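Please read the report below with the sequence and the structure side by side. It goes through pockets first, then helices and ring pairs.

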Amino acid sequence: MAKEKTTKDRSYKIAVLGGDGTGPEVVREGLKVMDAAAKKTGFKYEKIMYDLGGERYKRTGEILPPSVLKELGTADAIYLGAIGHPEVKPGILEKGLLLALRFHFDQYINLRPVKLYPGVWSPVKDKTPEDIDFVVVRENTEGLYTGTGGILKEGTADEVAIQTSVNTRKGVERCLRYAFEYTKRRKKENKLTLVGKTNVLTYAWGLWERVFKELAGEYPGITTDYAHVDATCMWFIKNPEWFDVIVTDNIFGDIITDLGAMIQGGMGIAAGGNINPEGVSMFEPIGGSAPKYTGKNVINPLAAICAGGMLLDNLGEREASEMIEKAVMNVTANKLKSLAAGKMGYSTEEVGDLVVAAL
Ligand code: IPM
Ligand code: MN
């Protein structure tokens, strides 16, 4: 939710990173919709386009030049398409670009709504938009993602690989506090579920659970609950209506939000925000760069459009953000045959146009 601008002037600087594969195509549609929303609601924004990703890396060897990083720090928000290139070894761009940005800007929250829009087919039979409507608050700077660990005796029969989950009191507490505050502001069921693995990973989840209970005392209006991560996967399918807001660590959040994306209709609609409530936040469709669809004008831009809506909400442009979500719902309810690439009944560009028309 919003980081209100301190100044009253509603003009923003948005850094745009189309990235790899279909990223630039979906971001183009997202910007088209943001332009229309800006005209309707009266804010202004300047787009600064950055050419980063696999192609640039192959051409120049650069991933995230320090000068670019510095410039991004002056933006009001970052709008990202997708990262990942079939000809670049896995890990290089993901760690060098996506995770580097999340870490550099200390975007300690990854906010991922799981919401089934009207007219969207969910593989979970008999579940309706009323049943599937929750938000995952994923810790975004710690856990297994810090790169802590190492390898000994690589390539030998005695090889040892250690990958450590880092959980700091500060990191856990700020994430949990954000989740409590978010649940309060969401005003839906006022229920926050901690998702972890207290029965096995007792050090990490012991800390999470203790801080969770401590903070719960400060939020008497919020019902708290706990579920193991494996059971949560089961409930996502069987009883998704049990969830309002979920808070979890980095890796569990990564995993359960892919499942979440599927029950809400697929990667074509799933959006997320990498949020630093006190700094520069970054918004992206949660799917990948979809190399096989690149340049074909068949990929679904709705996830990127929804990410754009979240970005505007973060800037304090609540009206524009709500307008975009309503327009997307209108399009899913009345127009699209499917959310899958190539099966929408419309091209990527046409879907962008439909959303603009619905605004
Ligand atoms: C995501 C992605 C990333 C992650 C990868 C690409 C590093 O899967 O945003 O969920 O693991 O966080
Ligand atoms: Mn993921």
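## The second largest pocket

The lining of the second largest pocket is made up of nine nonpolar, seven polar and eight charged residues; here Ala, Val, Leu, Ile, Met, Phe, Trp, Tyr, Cys and Pro count as nonpolar, Asp, Glu, Lys and Arg as charged, and the others, Gly among them, as polar. This is a predicted model, in which local features need pLDDT of at least 70 and side-chain atom pairs count only at pLDDT 80 or more, while totals for chains, interfaces and linings use all residues. Residues are numbered from 1 along each chain as its sequence is written, chains are lettered from A and ligands numbered from 1 in the order in which they are written, and side-chain values use heavy atoms, with hydrogens and water left out.

The second largest pocket holds about 500 Å³ of space. On a 1 Å grid over the protein atoms alone, a pocket is an open set of points where a 1.4 Å probe fits, with protein on both sides within 12 Å along at least five of seven lines, and lining residues have an atom within 4 Å of a point. Grid points are joined across faces, edges and corners, and the volume is the space filled by probe spheres set on the points. Of the 24 lining residues, E94, L98, L99, R102 and Y145 are the closest to the centre of this pocket. The largest share of the lining, five residues, comes from α4, and both domain 1 (9-110 + 276-359) and domain 2 (122-264) supply at least three residues each, with domain bounds that come from an automatic or database domain assignment.

## The largest pocket

About 760 Å³ of space lies in the largest pocket. Its lining has 27 residues, and P113, K115, Y182, S321 and E325 lie nearest the centre. Among the elements that give two or more residues to this lining are β4 (109-115), α5 (169-186) and α10 (318-334), where helices (H or I, at least four residues) and strands (E, at least two) are DSSP runs numbered from the N terminus. The lining residues divide into 14 nonpolar, four polar and nine charged. Because domain 1 and domain 2 both give residues to the lining, the largest pocket lies between them.

Helix α1 (residues 23-41) has 19 residues and reaches 26 Å from its first C-alpha to its last, close to the 27 Å expected; the expected span is 1.5 Å times one less than the number of residues. Just after α1, G42 takes a positive phi of about 90 degrees.

The end C-alpha atoms of α9 are 18 Å apart, which agrees with the 18 Å that its 13 residues should span. In α9, 13 of 13 residues are buried, meaning under 20% relative accessible area with a 1.4 Å probe and protein chains only. G316 follows α9 and has a positive phi near 95 degrees.

## Aromatic pairs

The whole structure contains 11 aromatic pairs, that is, rings of Phe, Tyr and Trp (its six-membered ring) whose centres lie within 6.5 Å, with planes under 30 degrees apart counted as stacked, over 60 as edge-to-face and the rest as tilted. The pair F134 and F236 is tilted, because the ring centres are 4.8 Å apart and the planes stand at 50 degrees. Since F134 lies in strand β5 and F236 in helix α7 (residues 229-238), this pair ties together parts that are 102 residues apart in sequence.

The rings of Y178 and Y182, with centres 6.2 Å apart and planes at 20 degrees, are stacked. Both residues lie in helix α5, four residues apart, about one turn of the helix, and both Y178 and Y182 are buried.

Methods:
Buried < 20%, exposed > 50% of the residue type's maximum accessible area, 1.4 Å probe, protein only.
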